[in-house]
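Thanks for coming, everyone. Please have a look at the next slide, and then I will walk you through it.

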Amino acid sequence: MPTVLIIDDEDLDRKVLHSILLSAGYEVVGTARSGEEGIKLSRTLKPDLITIDLMMPKMNGMEVLIKLMKENAKTNALICTSAHSDPVVDLAMRYGAKGYIIKPFQARSLLATVKEVVGAPDPARMNVWNF
Amino acid sequence: MTQVLIVEDEAIVAESIASKLRRYGYEVVDTLPTGEEAVDKAGKTRPDVILMDIHLAGKMDGIQAADRISSQYHIPVIFLTAYADEQTIARAKEAGPFGYLVKPFRERDLYVTIEMARERSRLEAELEAANRELDSFSYSVSHDLRAPLIAIDGFSRILEETYAGYLPPDGVECLSRIRQAANQMDQLIEDFLRLSRVTRAPLLMEKLDISRIARDILGQLATHDPDRKVHWKVEEGLTVFGDPGLCEIALKNLIGNAWKYTMHTDNAQIQVGSLMQGQTRVFFIKDNGAGFPSEKANLLFIPLQRLHSHQEFPGNGIGLATVQRIVHRHGGRIWAEGATGEGATFFFTLPEEAG
């Protein structure tokens, strides 16, 4: 079953993304409040997918993505951004991101993106009350 | 018509106040004897002003009721009470009342107090709305301004790392300037955000060992900058009562400035200490660095004002504005003395005790 690590400095966004992924049947194995913490966690957890918020203080999401891709070129990463057709998305793709998620989160489209990258979740884990 | 709710357990007193108010043209929505009923009624009818006795029938007293009402419904409460002892006043203050009238009071005073409370409450609501708007504005500004900057820096980086071989040396230099400028702007946005957070974040007060915090900051600066030789002296046992996060930001800025502005000074010295000014302890951070023209001391705390060029001393002019806001939020004062080439001293006061 696909495992996910969430890197986002904002508590609310982290919780919302967590709950959307969880109720769709994905296993969120870790959450990090900063890029530094996220990079450390990714080494031990080796998740199938990492979501990275673009706007974080100190180390922004792009720097995190670049570091992660350098450490492991096979990393599946998605960038979370509120800017739609921004050059930022193009930049993230050049650095190896598999796609992007638009903030504020919308369950249907973000789950479609996640599914494209790591496949469908385990149907047995799906929370029928939410979907 | 201004609607007033009267909370008073003595029916005769309540009725007498009500009739006076009616004569002044107010509408009395109700007179209630208990705090519990007052909270309930305030929620249901949302009067413009509440006149509240402190000693009431029932379990909840007037101060508790006022506390609930002002935090839940933001309706201005004026205390009307026969008690003016220190303890009651201290407790009443906590509820954030818009007035405190001691019985017996004059009709005219009641009228003026109600009108003032109405006006202040209106202004506060306006201010709160403006602040909320500012919050969401600065949030979106920061996000929308920073995303393109990340793109500018990132694409320049790709050029630098992948295509540097195709560019003449001057082209590579231009790229590094682009990245430098993007990073400067990013830093500026982050500092502005911190400045606005400093103004809005709630204060969590606790006892702080200023001497220890100052020594830690100086130690960190020395570690980051091992080539610098700076003599520093920190007075022992300096304590204040303040918000740990904010006070650390303030000290980091002040001490960091002292460190920065002594970088071209031989025998650089930084002193953290205190002196007594009457009954008040004044803390100071003194250095023997570049200083500033003494007549420009009042410009130091204005955001973006810089008295030195970026080449001479890097910085964006938000640090001291942030420090000033932090000190003011603690109810303290901050000022500076200095002269060009003769160092600078920053003085500030902070609460030394709780409350």
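What share of the 131 residues in chain A is buried? Buried residues make up 39% of them. A residue is buried if 20 or more other C-beta atoms lie within 10 Å of its own, exposed if 12 or fewer, and partly exposed in between, with C-beta atoms placed from the backbone.

Some ground rules. This is a predicted model: local features need pLDDT of at least 70, side-chain atom pairs count only at pLDDT 80 or more, and totals for chains, interfaces and linings use all residues. Residues are numbered from 1 along each chain as its sequence is written, while chains are lettered from A and ligands numbered from 1 in the order in which they are written.

Start with chain A. It has five helices and five strands. Helices (H or I, at least four residues) and strands (E, at least two) are DSSP runs, numbered from the N terminus. From that end on, the order in chain A is β-α-β-α-β-α-β-α-β-α. Now the contacts with a separation of 6 or more. In chain A, 62% of these join residues 24 or more positions apart. Two residues are in contact if their C-beta atoms, placed from the backbone, lie within 7 Å.

Next, chain B. Its secondary structure comes to nine helices and twelve strands. Of its 355 residues, 31% are buried. Residues 24 or more positions apart account for 63% of the chain B contacts with a separation of 6 or more.

Which residue does UniProt list for "modified residue: 4-aspartylphosphate"? The answer in that unreviewed entry is D53(A). UniProt positions are given in the numbering used here, feature names are shortened, and annotations may be inferred rather than shown by experiment. D53(A) sits in strand β3, residues 49-53 of chain A. Why does D53(A) count as buried? Because it has 27 C-beta neighbours inside 10 Å. Leaving out residues up to four places away in sequence, D53(A) touches I7(A), D8(A), D9(A), D13(A), G61(A) and C80(A).

Move on to L54(A). This residue lies in the loop between β3 and α3 (61-71) of chain A. L54(A) is buried too, with 26 other C-beta atoms within 10 Å.

Chain A puts 13 residues into the contact, and chain B puts in ten residues. Helix α4 of chain A, residues 87-94, gives the largest share of the chain A side, four residues. By class, that side has eight nonpolar, three polar and two charged residues. Here Ala, Val, Leu, Ile, Met, Phe, Trp, Tyr, Cys and Pro count as nonpolar, Asp, Glu, Lys and Arg as charged, and the others, Gly among them, as polar.

So what does α4(A) meet in α5(B)? P87(A), V88(A), L91(A) and R94(A) meet A147(B), I150(B), A151(B), G154(B), F155(B) and I158(B).

Now the geometry. Two packed helices are described by the angle between their axes and the distance between the axes. The axes of α4(A) and α5(B), residues 107-162, come within 8 Å and cross at roughly 40°. Axes are lines fitted to C-alpha atoms, for helices over the stretch in contact, and angles run from 0 to 180 degrees between N-to-C directions. The two helices are therefore oblique to each other. Angles under 35 degrees count as roughly parallel, over 145 as roughly antiparallel, 65 to 115 as roughly perpendicular and the rest as oblique.

Last, some backbone details. The peptide bond from K103(A) to P104(A) is cis, with omega near -5°. P104(A) is in the loop between β5 (99-102) and α5 (107-118) of chain A. In chain B, the bond from K103(B) to P104(B) is cis, with omega near -5°. K46(A) has a positive phi, near 40°, and is not a glycine. K46(A) counts as exposed, because it has 12 C-beta neighbours inside 10 Å. For R46(B), phi is near 45°. R46(B) counts as partly exposed, with 13 C-beta neighbours inside 10 Å.
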